[in-house]
Structure formats: C-alpha cells, structure tokens
Amino acid sequence: MPKELKSPTSSANTAQDVQGIWGMVVDQDLCTGCQACVAACSMENNVPFVGEVDAGYGRSMQWIRIERFWQGSYPNIKATPYQPVMCQNCHNAPCEPVCPVYASVHSLSEDLNLQVYNRCVGTRYCANNCPYEARVFNWRDYMDPRQRPELVTLANHFNPDVTVRRRGVMEKCTFCIQRIRHAEDTAASENRDIRDGEVVPACAQACPASAITFGRIDDPTTKVSQAADTSRGSHLLEELGTIPHVTYLAGGA
Amino acid sequence: MIKKLFNVLNQPLGRIGIFIIALVVLSGAVWGIAQAQKPPQQPIQFPHNLHVRLGIQCLYCHPGALRGPSPGIPTETKCWGCHQQIAIQGTELPKLAAYVKNNQPIDWVPVAQVPDFVHFVHRPHIAAGLNCEDCHGNVSNMTVYQNPQVMNMGWCLNCHRAKTANNPQNNPTNDPAVAAKLEALRVKLTDCSTCHY
Amino acid sequence: MDKKISRRDFLKVAGVGAATTAVLTGCGPASRYVTRQPYTKMPEYTYNGLSTYYATTCRECSAGCGLIVRTMQGRALKAEGNQNNPVNLGKTCARGQTTLEGLYNPDRVTDPIQRDSRGSTIAKKMDWNSAIQVVADALSKNKPDEIAFLMGLAPDHLFDLVTDLTKAIGAAAPIRFGALGMFEARATLVQAASDMFGQEGLPFFDIGNADLVFSFGANFLETWLSPVAQTRGYSQLRRGNPNRRGYFVQFEPRISQTGAKADEWIPVKPGTEALVVLAIGRLVAEANNITLPTAFSNADVNAAAAAADVSVDTLKHLASLFASARRPLAIPGGAALGESNGLQTADAVLALNALVGNIGKDGGVFLSPVAPLTDAYHRPANLKEMSDFVDLLKSGKIKVLFVHGVNPVFELPKSLGLEDAMSKVLQIISFSSFPDETALQSDYVFPDHHGLESWGYQKVATGTSSSVLSGAQPVIVPFFNTKATADVLLAAAQKIGGTLASTLKFTDELAYIQSKLSTLISEPDGFFSAPEINTFTASFQQYGGWWKTTDNRVAPSAGDALNKTFNTSAAQFNGDGDYFFLPFVAPVMAEAGANKPHLQETADPTTTVMWNTWVEINPDTAKQLGIQDDDVVSITSSAGTVEASVYVYPAIRPDTIAMPFGQGHAAYGQFAQGRGANPADLLSNSTNEAGDLAFASMKVSVKKTGKKRQLSRLEGVLGVYGKFGQQ
C-alpha cells in the first residue's frame with residue numbers, strides 16, 4: 001500500500017494550462033554513488049571548480065552531491081544507500097521568504113524555486129535557511145578567465161544556455177530549466193505538448209544505473225509519477241512541511 | 001560621532017553638498033546609460049535602408065530568427081553571394097571585397113543585445129506573430145542599425161503584459177475560456193524563469 | 001513648465017536604480033569576458049544558437065562507450081551517451097562527462113616539440129613536416145629490431161595501423177599496456193577462462209540476469225572492464241524484475257564504492273579469497289547433495305574460515321544462499337586477482353560458477369563477444385611481458401621507442417626501472433596530447449589529436465552481449481596545432497617509400513579506417529547495412545559505430561572445470577611490514593583523470609575526499625598508532641616509501657591499509673602535477689601465476705611523520721575559522 005505523500009500539486013497555487021509541474025524521483029537502491037550525475041551537472045550548468053583549498057573550506061560548488069553515511073562499526077559496518085541531494089524545489093520553500101531582494105522566488109507557473117542571478121546581492125540568507133544545504137555561493141570570481149588563466153581554453157565548453165555566474169551570487173540546481181525551456185520551445189514549434197521523457201536533466205541523462213527519473217508530476221500517466229507512487233517513496237525532512245518536488249525511493253531490501 | 005556628522009551635514013551648506021554629490025552620481029549614471037545606448041562602431045557602414053528598399057527580406061540575412069534563439073549576423077560569404085555580381089564602388093564595398101579576398105571574418109558588433117543573464121529566443125516571438133520591426137524599428141530608414149528603444153526588462157514585460165491582458169483586443173467576445181488562457185499565459189510570460197536561468 | 005518626458009528619457013532615469021544595483025553586484029556576470037572564436041566565421045549551414053550533434057566514442061578508457069557530443073559554432077559543449085550504442089545505451093560515467101576538460105585542457109601539448117634534453121620542460125616548437133621527417137628517419141635509419149612501439153588500450157584503429165606498419169618493416173609487434181588493464185588483471189581473467197573452459201576469451205559476467213551475485217573483490221561499478229555496462233547490469237539485478245530484488249555480497253578487505261552497494265560485506269583477510277571460494281564451493285556441493293567434485297575436495301571449511309578471519313557460520317550462511325539461489329553468479333576481480341595466487345582465485349571462482357551450472361546460461365558466465373574486425377580477444381601485455389620489454393630496453397638493443405596512448409612512467413611500478421631503461425634508448429618519440437611523465441622523458445612530442453578531434457574505432461572487449469565496433473569521428477576542428485598520429489605514420493611511410501609505402505598506401509587516417517570497415521559490408525547481422533563503403537562510412541559516423549543485432553556471447557563448455565585440483569594455501573606477501581597494502585584505482589579519477597579539474601573536485605564516493613591522495617586506516621589501528629585524521633604518514637614497503645594524509649576509514653580491516661591510484665603525478669599539467677602520492681611507487685614487480693602484477697601482495701609499515709596536511713572533503717567542513725592546508 002503506497003504511503004500517502006504530500007504532493008506538491010495537492011495544494012499548489014499554480015496557473016491553469018501550464019506546460020507542467022516538474023518533479024524527480026531518485027531510486028537509492030539503484031544509485032551506485034558513481035558521481036556521473038555530479039560531473040554531468042557541472043559540465044551542463046557551468047558549475048565552476050574551486051580548487052583544493054576552497055573545497056576544503058566547504059565551498060565546492062556542485063549543485064548535486066552524493067551523501068553516504070556509515071552505520072555501526074567494524075566489522076558490522078554498513079554504508080547507507082548513496083543519496084544524491086540536489087535542490088528539492090520545495091513547494092513551501094524556506095529559502096524564498098528570507099530573500100530581501102526577491103532573488104529567490106517561486107515560479108507560479110511551474111511551482112519551481114528560481115534563483116535570479118541578476119537580482120542576487122549575496123546575503124546568503126537563503127542558504128542559511130535551506131534545510132537541504134542545496135545552495136552554493138560564489139565566494140570568488142571562479143569563472144573569470146582574467147583571474148583564472150586556466151579557464152581561457154576551458155571556457156570553450158561553457159554552455160551558452162546557462163548564465164555564467166560571478167562572485168557574490170548564490171546558485172543552486174535549476175532542474176536544468178534551460179532544457180525544459182528548450183523542450184517547450186521545440187514542442188511549441190511543432191504545435192504539440194511536451195512528451196513524457198522529452199525533458200531529461202543532465203544528471204538523469206548521465207546516470208548509468210538510471211536511478212533518476214524526471215518528468216511531470218501533475219500528470220499521473222508519466223513515468224515519474226508512477227515511480228514516485230510506491231511504498232518506498234519518501235521526501236527528505238518531510239516533517240518540515242516543505243513539500244519537495246523530489247521523491248526518494250528507499251534503498252536496501 | 002554619527003550625531004556630529006549628521007549635525008555638520010544638516011546645515012544649509014551640508015545639504016547643498018549632499019545635493020551636489022547626489023546630482024553628480026545621478027548624472028554620471030544617466031551619462032553612463034546613455035553612453036551604453038550609443039550604436040557601436042561597425043567595420044562596414046552597412047546601409048540597411050538600401051537593402052530593405054531593394055526588397056530583401058530580413059530573414060534572408062538573419063535566418064536564425066525563424067528557428068532558434070539567435071537570428072545570426074551574416075558572414076562575408078553571404079554578402080559575396082550577391083556582391084560578386086555587382087560593381088565594387090563607393091567607400092564600403094571595397095572593404096567587403098578585401099574581407100573576402102583575405103578570407104577574413106567581418107567582425108560585426110551586435111547591437112540589439114541583452115545581458116547574458118537573459119536568455120532571449122527569437123523563434124517564439126516570431127511564432128506569436130510579431131514582426132521584426134515591432135522591436136527593431138523601421139530598418140528601412142536606418143543605415144547602420146541602432147536600437148529604436150532601450151531593450152530592458154520593463155520594455156519586455158510591458159509587451160508580455162499587454163499581449164496577455166484580458167481586453168477587447170485580445171479577447172473580443174470576452175470568452176471566459178480565452179480569459180483563463182490569457183491569465184495562464186500572463187503568469188508564464190511574467191515568470192522570472194522565462195528569461196532568467 | 002510642461003516639458004514632455006520622452007519614453008526614452010524616462011527609461012534612462014528608471015535605469016538609475018538598475019545601475020546602482022549593478023554597481024553593488026559588480027556589473028554583471030563574468031562570461032562577458034570569455035573570449036570565443038568569432039561567430040562571424042561560421043559555415044552558412046550552422047545556424048546561430050542551434051546545436052549540432054556528433055556521434056563518437058569516448059576515449060577516457062578502453063570500454064568503447066558511444067558518445068553524442070553537442071557542439072555549437074565549432075565548440076564542443078557537452079558529452080552525453082549515445083543511446084544507440086549497445087555498450088552504454090546513452091549513459092556515461094563521470095570520466096566520460098568530463099572528457100571535454102581534456103579537449104580544452106589548458107596544458108595540452110599544442111605543437112610538435114623537440115626537447116632540449118629529456119625531463120626538461122624547455123622545448124623547441126617544430127613544424128609538422130620536419131616532425132614527419134623525424135619519424136620517417138627513425139623508422140628507416142634503424143634496423144627493424146631496433147624499433148619498438150608502446151601503445152595504450154585505446155584507440156584500436158591506430159593499434160591496427162601500427163601492427164600493419166611493424167609487419168611491413170619486419171619489426172616486433174607493438175606492445176599494448178594500460179594501468180586499468182593492469183589493475184583489472186585482464187591476463188588473469190583470460191588465463192582463467194582458458195584454464196577452466198579450455199577456450200580463449202575475456203569472461204563476461206551476466207550480472208543483470210542473475211539473482212545473487214558474489215563478487216570477490218571485483219570493483220565492477222567503478223573502473224573494472226566496462227563500468228557503465230556493468231552498472232546497467234547491477235540496476236537490472238536490483239530492480240529489473242519487479243517480483244524479486246537480486247542479492248549482492250561483496251568479499252573484500254575494505255568497502256569500496258561497489259562494496260557499499262552490497263547487502264553483505266565479508267571482510268576476508270587479504271590473500272585468502274581462494275580458500276573462501278573453495279570452502280563455499282564445498283559447502284554448496286554438500287547443501288545441494290552433489291558428489292563433491294575434485295575442485296572442492298581439498299577445501300577445509302574450518303581452516304579456511306580461520307585463515308580468512310570469517311566465521312564458519314558466515315560461510316555456511318553464504319553457501320546456503322548460493323546453493324538455493326535460482327541464478328547465482330560469482331565474479332572474481334580487483335585485488336583478489338592482484339595477489340600471488342590471483343589466478344588460482346579466478347580459477348576457483350569460475351569453478352564455483354561451474355558447480356552451480358551457470359556457465360553459458362543467462363545470469364551466468366560467458367565469454368565476451370569477439371569484436372568485429374578481429375579473430376579473438378587480444379589482451380594487453382601483462383606485467384611479465386612489460387618487465388621483459390623493460391629488460392629489452394635496458395639491454396640497449398632498442399634504438400627508437402614510440403609511445404602512444406599510455407603513460408608507463410607513471411603507471412608502472414617504480415621498481416621495474418622503466419625510467420632507467422628509457423635512458424638506454426637513443427630516441428624516444430611520444431605522441432601524447434598531454435605533457436605527462438612519459439612525454440617529459442621523450443626527445444620529441446608529436447601530439448595526437450584529442451579523442452574528440454579524431455577519427456577511429458574501438459573494438460569493444462566486453463560489457464554487452466553483441467559484437468560492437470564503436471566509431472569515432474571529430475566533433476570539432478582540431479583546437480591546437482596537433483596532427484593525427486595515424487596521419488603522421490602514413491605520411492612517414494610515404495616518405496620512406498618502398499614496400500612500406502605500398503603496404504600503407506592510404507591518403508589519410510580515414511582512408512585507412514575505411515579499408516578496414518570495408519570488410520564489414522558483407523558481414524551478416526549488422527544493425528545497418530550499406531551497398532558500398534562510402535554509404536557504410538556515413539552510417540558508421542551517423543550512428544557512432546557498427547554492431548550486430550544478435551547475441552554474440554560465447555557459451556563455453558564447463559569442460560573439466562570441476563576436475564581441476566587446487567592447492568589450499570594462502571597468497572604470499574612481500575616485505576615484512578605489519579599491514580597488508582591494498583592499492584585500488586580511484587573510482588572517479590581512474591588512472592588518467594587527474595588533469596581534469598572537475599574530476600579532481602568530484603568527491604570520492606566512499607571517503608568524499610577531493611583533490612588529493614589519502615591513506616585509509618581502520619580507526620582501531622589509527623588509535624593504536626596514535627594517528628588522527630589528516631596526519632601525514634609515511635608508508636614503507638620493500639620497494640619504496642610514500643607520504644600521504646590519513647583518512648580514518650571505518651570500513652577497512654584493521655590489518656589492511658588502502659590507497660587510491662590516480663594521483664601523485666610529477667607532470668601531466670597544472671591540475672595533476674605535485675598533488676598527492678602514487679601507490680605504484682610502493683609496488684614490487686612480483687606477479688601472479690598469469691603474469692599480472694601482484695599489486696595487492698605487499699606488506700608495508702606505517703609511520704607517523706608528525707606533519708599534518710588536511711584533506712579537502714565534502715563530508716566534513718573545517719569552517720572559516722579552521723586553518724586549511726599545510727601545517
């Protein structure tokens with residue numbers, strides 16, 4: 001019997017007739033912790049590398065990280081199932097009300113959390129208030145080839161569909177919104193609706209174990225809705241009432 | 001300390017000083033913005049008016065507008081497609097001939113630009129029935145292109161709102177179904193993530 | 001006063017607010033300063049803002065995964081898996097994702113160079129014509145037996161070309177080597193198949209169709225053989241069948257990334273894997289009431305349990321799992337093969353499979369399909385052959401050495417003395433795209449294109465059930481002044497003339513590849529066919545390769561597998577240290593990822609360490625030695641000493657210490673150089689029975705140095721008040 005999960009759509013205050021409310025399902029039983037999603041996300045979204053020292057201070061910028069914990073001690077020790085954590089795109093997002101400049105805002109049409117880089121002034125209140133630690137901050141001009149000469153050639157693979165962020169700006173997983181927009185535009189040019197599976201974020205695209213499913217969660221026929229609808233499903237820190245758009249399927253037996 | 005400073009500034013002279021500083025900052029900003037709106041120097045003074053009057057469609061040289069985000073600026077090979085049949089005369093055509101001869105790209109400077117935290121896509125705008133001149137002005141009167149207005153977010157949003165307002169122009173019969181569609185479209189078109197990501 | 005404010009003026013004033021904000025945030029994003037190639041120089045078919053996608057093959061390892069690379073206006077933007085290619089079905093690993101950081105790496109060798117002296121970074125740029133002349137002279141002015149080629153595991157088309165070339169001039173066939181092949185113990189796997197099935201081939205383990213997997217050290221979700229394909233198999237094992245979830249047990253001294261996914265971890269003592277396998281075999285035979293085969297008759301369950309530090313009950317429980325499973329599968333791999341009795345372990349595991357009758361059955365053991373364009377699987381050189389090769393170099397008989405696609409100075413154990421041997425070679429020509437250690441010890445570097453700028457093909461060794469030839473094509477115009485090594489060799493052959501020129505009479509690399517592909521036109525079962533070679537090549541490029549639509553796995557006969565006798569002694573270890581030394585290939589970085597900054601910054605899956613080498617020590621051992629996290633320790637084996645920071649790792653045996661392989665470069669560009677330590681420096685050149693390096697056969701001692709060097713890790717944050725770095 002599937003456990004009743006609060007769905008973002010149940011109390012969503014969204015406009016009618018929009019192209020969809022997007023969500024993700026992560027199957028922790030399948031995730032092998034291989035980090036392909038981390039690399040894929042970084043390459044797709046112009047996520048900078050910060051170097052060893054800044055990474056040591058906890059300033060690494062990846063929008064998705066894979067958590068693992070240990071249970072017990074040797075020899076009866078077990079690793080908990082790998083857990084990829086990215087922005088959960090909460091319906092009731094704690095990051096939004098604390099932003100003084102409305103840089104962290106809610107998309108009314110798609111019920112996503114947005115980070116508007118050109119508004120952000122770097123107060124970092126949002127990161128402070130995010131229970132998932134999903135937000136990362138540009139402590140330096142990590143992407144400026146004038147300050148990092150090694151980027152002069154590396155910058156050639158930057159994705160032109162994603163803004164290159166600079167110092168003092170907060171950022172986070174966007175559900176690869178550039179891919180959503182691209183799919184919407186393609187669908188509109190062909191005068192049809194977006195097909196299920198047409199929008200694939202970089203992480204889900206790369207995942208060798210196919211542990212990540214993405215799609216519309218307001219449509220019960222999609223793969224992602226069906227995948228979420230099992231007894232293994234749960235939301236991270238459900239008790240906070242954030243109503244995330246990401247459902248985790250428990251690992252283990 | 002702060003109180004002392006406040007007292008100094010609260011004198012007539014202090015007030016005038018504050019006023020002058022504010023004026024300088026403001027006029028500097030206005031000057032800077034005006035400077036940013038000036039059309040840049042182009043490598044060739046391309047006469048748009050002449051080409052438009054000859055009946056060449058915008059999309060002939062800027063075909064990307066129909067298919068994707070960027071309309072594209074033609075390379076010298078496109079120019080040469082026609083101009084190799086036409087006498088090389090005047091001040092500008094020899095420049096083109098030189099680019100072609102040296103197989104050099106013409107470094108056109110894009111004028112109608114948005115900042116790179118804005119992702120503008122031409123295709124849906126054309127699909128929605130906008131004509132090029134709605135945003136780019138009457139190009140048949142321009143030699144070197146300049147923007148007819150400042151292309152900023154207010155200007156974008158004004159249009160997005162106007163095109164989705166439930167008014168007799170958009171919804172002549174006041175049909176509630178159309179009104180709902182317009183409402184949804186307005187939410188979508190005024191959503192930050194429509195352009196910023 | 002009625003001054004009309006125009007809309008334009010109004011917006012200017014309104015813009016003041018925006019300008020102030022811009023001042024506060026610093027005037028906009030940095031990509032404004034990103035210099036790019038002029039977009040005005042685009043072919044007319046390239047629409048601005050629209051992407052072009054090319055199918056090619058990943059060259060980060062030799063698995064041969066297909067890629068689709070998104071390009072826009074002449075720049076490669078993103079590599080994704082090719083959904084058509086049966087090896088990876090659209091997926092990639094982290095290394096495949098970051099292949100673009102190799103392509104646009106700031107440290108690439110940009111031009112052909114001649115070094116002032118070996119090891120010197122001062123070098124003179126050359127033009128390609130004189131470079132080709134150097135190669136032609138090297139090939140023609142030396143006797144055939146004075147010429148040697150050392151090649152990597154990829155790409156295969158170049159290996160074929162060099163094989164043809166060496167045949168034509170009468171030189172020895174090129175030697176093939178790669179660190180991944182060394183740590184995978186490929187020679188052991190091939191030898192085991194031939195021992196047990198009487199048939200040559202690389203074993204194929206059908207993980208996806210099994211319902212119980214016992215992995216003896218195999219890190220099949222990391223870097224082993226074909227990780228993307230095996231991860232797909234794992235995914236199927238767990239959730240492929242909605243009615244049952246496959247069970248997975250890992251036997252290894254430390255929990256690896258693969259081991260962390262196991263339902264049960266059995267920390268067997270290093271060197272006793274074979275005993276455990278044989279004991280389980282005996283118990284399985286007893287549980288299934290089979291007459292005890294010869295293979296397991298020597299096994300002593302109690303002795304094995306005692307030697308392996310595993311309880312008899314555990315062995316009984318595991319045996320009953322294996323005996324009662326519908327489709328049990330046992331996989332040998334990793335450190336279990338890199339021990340002095342590694343071949344015996346591999347043989348015993350195959351015998352265990354034969355015992356439950358899964359040889360050649362779904363969910364069991366097959367031999368991998370033989371790739372197109374080849375008659376059999378040709379394994380890379382094992383360490384024995386490499387050591388013979390090094391001896392040959394040492395003898396001074398070799399006058400010119402060509403190196404492509406491999407970095408042996410970094411990858412081989414120091415104790416082999418390769419650097420010393422290289423100094424006996426008069427001329428060394430490297431074709432490396434990167435300034436790696438071997439290129440640094442060469443006289444010339446004639447950089448090959450990056451894999452994404454190259455033509456080519458890769459014969460897929462294993463991973464999928466069909467016979468696959470993955471095809472590569474350039475996705476961008478070469479970014480630097482590099483030249484395809486195949487083109488250099490072909491041009492040199494034409495310069496030399498004679499029979500060599502007539503054997504290699506190809507205008508360029510692509511013509512050579514086409515000549516090879518032409519034999520596939522008449523081949524049956526291809527997923528596309530074409531009447532002639534040009535159409536065939538076009539489809540080959542479009543789909544990213546050619547493969548069969550049939551199941552080409554070879555089902556070997558179990559043969560005499562169960563009649564073999566095994567001796568029941570544990571492995572021998574070198575050195576007199578107190579701890580077993582377990583080097584493993586860093587799961588994310590692997591052997592050649594250290595020059596890619598995003599791979600460096602990707603956290604190791606189990607320790608979450610970034611950018612450096614760590615030493616894994618059990619908490620109890622650390623306490624005994626008075627060692628804490630981030631203490632720098634020196635590890636000494638009979639072959640050498642290295643220093644690295646400690647990561648107190650709760651999931652490792654107290655008598656074992658482990659270290660990842662992949663860092664510790666002395667060259668290889670700014671992101672790799674001078675970072676971490678190389679565990680290969682601690683290895684002796686002892687081998688197992690199949691000639692593979694016994695990399696897990698060292699015993700080492702650990703000493704505190706008193707220094708502390710903090711490791712960057714994702715899991716724990718030092719905070720702004722902590723001092724990070726050297727102390």
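Reply: The radius of gyration is taken over C-alpha atoms, and the globule rule is 2.2 Å times the number of residues to the power 0.38. The model is predicted.

Me: What does the globule rule give for the 197 residues of chain B, and what radius of gyration does chain B have?

Reply: A compact globule of 197 residues would have a radius of gyration near 16 Å, but chain B has 24 Å. The C-alpha trace of chain B spans about 80 × 55 × 30 Å along its principal axes.

Me: What makes chain C as compact as a globular protein of its length?

Reply: The globule rule gives 27 Å for 727 residues and the radius of gyration of chain C is 27 Å, so chain C is as compact as a globular protein of that length. Along the principal axes, the C-alpha atoms of chain C fill a box of roughly 100 × 80 × 55 Å.

Me: What share of chain B counts as buried, and what share of chain C?

Reply: A residue is buried if 20 or more other C-beta atoms lie within 10 Å of its own. By that criterion, 13% of the 197 residues of chain B count as buried. In chain C, buried residues make up 61% of the 727 residues.

Me: How many helices and strands does chain B have, and how many does chain C have?

Reply: Chain B has 10 helices and 0 strands, and its elements run α-α-α-α-α-α-α-α-α-α from the N terminus on. Chain C has 23 helices and 27 strands. As for contacts between residues at least 6 apart in sequence, 64% of those in chain B join residues at least 24 apart. In chain C, residues 24 or more positions apart account for 74% of the contacts with a separation of 6 or more.

Me: Why are H7(C) and H13(C) called oblique to each other?

Reply: The axes of H7(C) (residues 186-197) and H13(C) (residues 342-355) come within 9 Å and cross at roughly 50°. Angles under 35 degrees count as roughly parallel and 65 to 115 as roughly perpendicular. The two helices are therefore oblique to each other. H7(C) passes H13(C) in a right-handed crossing. Among the residues making the contact are Leu189(C) and Ala192(C) of H7(C), with Leu343(C) and Ala346(C) of H13(C). By class, this contact has 8 nonpolar, 3 polar and 2 charged residues.

Me: At what angle do H9(C) and H11(C) pack, and which residues meet there?

Reply: H9(C) (residues 273-287) and H11(C) (residues 301-308) pack at an angle of about 145°, with their axes 9 Å apart. H9(C) passes H11(C) in a left-handed crossing. The residues that meet include Leu275(C), Leu278(C) and Arg282(C) in H9(C), and Val301(C) and Ala304(C) in H11(C). The classes in this contact are 10 nonpolar, no polar and 1 charged.

Me: How many residues of chain A are in contact with chain C, and which helix of chain B gives the largest share of the side that touches chain A?

Reply: Residues are in contact if their C-beta atoms lie within 7 Å. By that criterion, 63 residues from chain A meet 63 residues from chain C. H1(A) gives the most to the chain A side of this contact, with 7 residues; that side has 34 nonpolar, 16 polar and 13 charged residues. Chain B, in turn, places 18 residues in contact with 23 residues of chain A. H10(B) supplies the largest share of the chain B side, 6 residues, and the classes on that side are 9 nonpolar, 3 polar and 6 charged.

Notes:
Residues are numbered from 1 along each chain as its sequence is written. Chains are lettered from A and ligands numbered from 1 in the order in which they are written. This is a predicted model: local features need pLDDT of at least 70, side-chain atom pairs count only at pLDDT 80 or more; totals for chains, interfaces and linings use all residues. Two residues are in contact if their C-beta atoms, placed from the backbone, lie within 7 Å. Helices (H or I, at least four residues) and strands (E, at least two) are DSSP runs, numbered from the N terminus. Ala, Val, Leu, Ile, Met, Phe, Trp, Tyr, Cys and Pro count as nonpolar, Asp, Glu, Lys and Arg as charged, and the others, Gly among them, as polar. Axes are lines fitted to C-alpha atoms, for helices over the stretch in contact, and angles run from 0 to 180 degrees between N-to-C directions. Angles under 35 degrees count as roughly parallel, over 145 as roughly antiparallel, 65 to 115 as roughly perpendicular and the rest as oblique. A crossing is left-handed if the near helix is turned anticlockwise from the far one by less than a right angle, and right-handed if clockwise. A residue is buried if 20 or more other C-beta atoms lie within 10 Å of its own, exposed if 12 or fewer, and partly exposed in between; C-beta atoms are placed from the backbone.
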